Amino acid sequence: MKVIMSLIAAVLLLTSCMNSTNGRVDPDNEAAPIASTEAPSTSIEKSLQQNLSATDLSIEGIRIGGSIDDVVKSYGQPSEKTVSHGLGTPYWIFKEQGIYIDFDGPIWQATVTPPFKGKTPRGISIGSSTEDVLKAYPDITTGDSYIQKSADGQYSIQFSINNGMVTQINMWQDKTLPESNLTNNYSLTINKKNITLKDWDNTVDLQKILGEPTSQNIEVLGNEADTHKGSFIKTMNYDGLQIKLMSPKENGKDFWILEMVVTKKDYKTSKGIEIGDKLEKVKNSYPDINIALDGRTDPNNCAYVINYERVDYLQFEVKEGLVSEIKIFYLIP
């Protein structure tokens, strides 16, 4: 019995020593506080929260780098299939859902507008406040629109803002223009830079390429525009060049190129045609070109047009066998 009692005492003494050793909090040998189970907020975690990554580039079944088939499964067939953005890549429009997708195999750019209701992985949607955006993306650059890029510059997300609320979300992965882009039929080449029909002004720096316009104005489309009522048209005039851009209704800040009209040299098509060139050179550069069906029949005094996509047009006005005007435009359905 004494042996058993001795063993029990020894165990209690050992336990007491262990508690005293591990719980060195104060001289009174009080019990150590229980460690918090909450993960500490480290600078690394804060950095991960702020830095934009590929995982941020998704919104309700639409993912940069993902498949267009997944979008179709979630939202049905697009209302329009065309080609845009100077790369010759497919551009699909899901008008009723407010979704616009560029892809070339994987999706490389996606834009959502009302009535789209989905949220980004950080909880931002159409209608979110600027305060919500700043909390979710603390390193975002503010201005007419809010934009943040990944540390390597490969990924970007942009929020168009109107009256303190998000009106459009655009996300993309930077895509290198291939050499084949130089032959895009709907581009102008200026100072070795391309400006292409339906380019968004947030992806092409018109001011850097062309400088300040000689004049500029913005108008809002009225009832005559039917379903496009409320959309914005911006007209920018340069010496020998006029560019019209369009912005979705309730936006008015982010525009895409709707039309380019050239009336002076120094602005060439992607295949090198400029004002004053002979009709023979035009035909050699564009062997599939046809006379426009506008009633004129004199081959030296008429318009010639290329219209592969049925809504995108490249048109040369010819007078006395010489190019007098170049017009590149998108015919809104």
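Trainee: What kind of model is it, and which pLDDT cut-offs apply?
Mentor: It is a predicted model: local features need pLDDT of at least 70, side-chain atom pairs count only at pLDDT 80 or more, and totals for chains, interfaces and linings use all residues. Residues are numbered from 1 along each chain as its sequence is written, and side-chain values use heavy atoms, with hydrogens and water left out.

Trainee: What's the average pLDDT of the chain?
Mentor: The average is 80, and 79% of the residues score at least 70. pLDDT is the predictor's confidence in each residue, from 0 to 100.

Trainee: Where does it stay under 50?
Mentor: Over residues 1–49, and again over residues 177–183. Beyond four places in sequence, the model has 13 contacts for residues 1–49 and 11 for residues 177–183. A contact means heavy atoms within 4.5 Å.

Trainee: Moving on, what's the strand order in the open sheet of eight strands?
Mentor: S12-S13-S14-S15-S20-S19-S18-S17, with antiparallel pairing. The edges are S12 (215–220) and S17 (290–291), each pairing on one side only. Strands are DSSP runs of E, at least two residues, and helices are runs of H or I, at least four, numbered from the N terminus. Two strands pair if DSSP finds at least two bridges between them.

Trainee: How many bridges join S19 to S20?
Mentor: Eight, between residues 312–319 and residues 322–330. Val318 has Val323 in S20 as its bridge partner.

Trainee: And which residues touch the most other members in the largest nonpolar core?
Mentor: Ile195, Leu206, Leu210, Leu241, Ile243 and Phe316, out of 44 residues. Strand S15 (residues 256–262) gives the largest share of this core, five residues. Another core, of 32 residues, lies apart from it and includes Ile59 and Phe116. A nonpolar core is a set of buried Ala, Val, Leu, Ile, Met, Phe, Trp, Tyr and Cys residues joined through side-chain atoms within 4.5 Å.

Trainee: Is Thr113 buried or exposed?
Mentor: Thr113 is buried, with a relative accessible area of 7%; buried means under 20%, exposed over 50%, partly exposed in between (1.4 Å probe, protein chains only). Thr113 lies in the loop between strand S6 (107–112) and helix H4 (130–136).

Trainee: Last one: which side chain does the Asn237 side chain make a polar contact with?
Mentor: That of Gln242, at 2.9 Å. Asn237 is in strand S13 (residues 232–238). A polar contact is a pair of N or O atoms within 3.5 Å; within protein, one must be able to donate a hydrogen and the other to accept it, and residues adjacent in sequence count only if both atoms are side-chain atoms.
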